[in-house]
Amino acid sequence: MKTTKRFDTAVKKLYQAFHNNTLHPESCTQCAVGNILDNTDSWKHLSDNHGSLQLNYVGLVNQRLGKRFNGYTPLELLQIEMAFLTHCGYQLPLQLNRKKTKTPSKDILFKGLEAVVAQLCALDHIPNVMDCSQLFQYQNTKATAMTFA
């Protein structure tokens, strides 16, 4: 399957962060987007709330000017981070005054990363590389409601 350079680079960085234990959802430099952006926190100035899809003035200006951060627009970065935090079990947006928690388990972080990879695939219009339905030749269908007499 053909992927994009930004996708490959982002997945490589997330893979390294996951295995080096440098992935933490509550840190702007160690979260999904922080790792994609080389452990910088400059992206946090694009929104007033960590985990929000609402661009602030700075974010809107950068979005409208076509600014990209390691290939991603400001809105795309917020979408990636929202997917990560949501699937790590956080209520969004994160509150700044909340007590930081210990690093979530590898299982929780992996669930967050699965969502991030799915989001990265959607942004680049490529099939979800985490979807194993093709491997099992299974097409996911919506379950119909069953009624019992």
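Modeller: A disulfide is a pair of cysteine sulfur atoms within 2.5 Å. This is a predicted model, with local features needing pLDDT of at least 70 and side-chain atom pairs pLDDT 80 or more, while totals for chains, interfaces and linings use all residues. Residues are numbered from 1 along each chain as its sequence is written, and side-chain values use heavy atoms, without hydrogens and water.

Colleague: How many disulfides are there by this rule?

Modeller: For Cys31, the closest cysteine sulfur is that of Cys28, 5.8 Å away, which is too far for a bond. By the 2.5 Å rule, the number of disulfides is therefore zero.

Colleague: Is Cys31 buried or exposed?

Modeller: Buried means under 20% relative accessible area, exposed over 50%, and partly exposed in between (1.4 Å probe, protein chains only). Cys31 has 0% relative accessibility, so Cys31 counts as buried.

Colleague: Are the planes of Phe18 and Phe110 stacked or tilted?

Modeller: Rings of Phe, Tyr and Trp (its six-membered ring) pair if their centres lie within 6.5 Å; planes under 30 degrees apart are stacked, over 60 edge-to-face, and the rest tilted. The structure holds one aromatic pair. The centres of Phe18 and Phe110 are 6.2 Å apart and their planes stand at 55°, so the pair is tilted.

Colleague: Which residue lies over the face of Phe18?

Modeller: A charge sits over a ring if NZ of Lys or CZ of Arg is within 6 Å of the ring centre and within 35 degrees of the ring normal. At 4.1 Å from the ring centre of Phe18, the residue over its face is Lys106.
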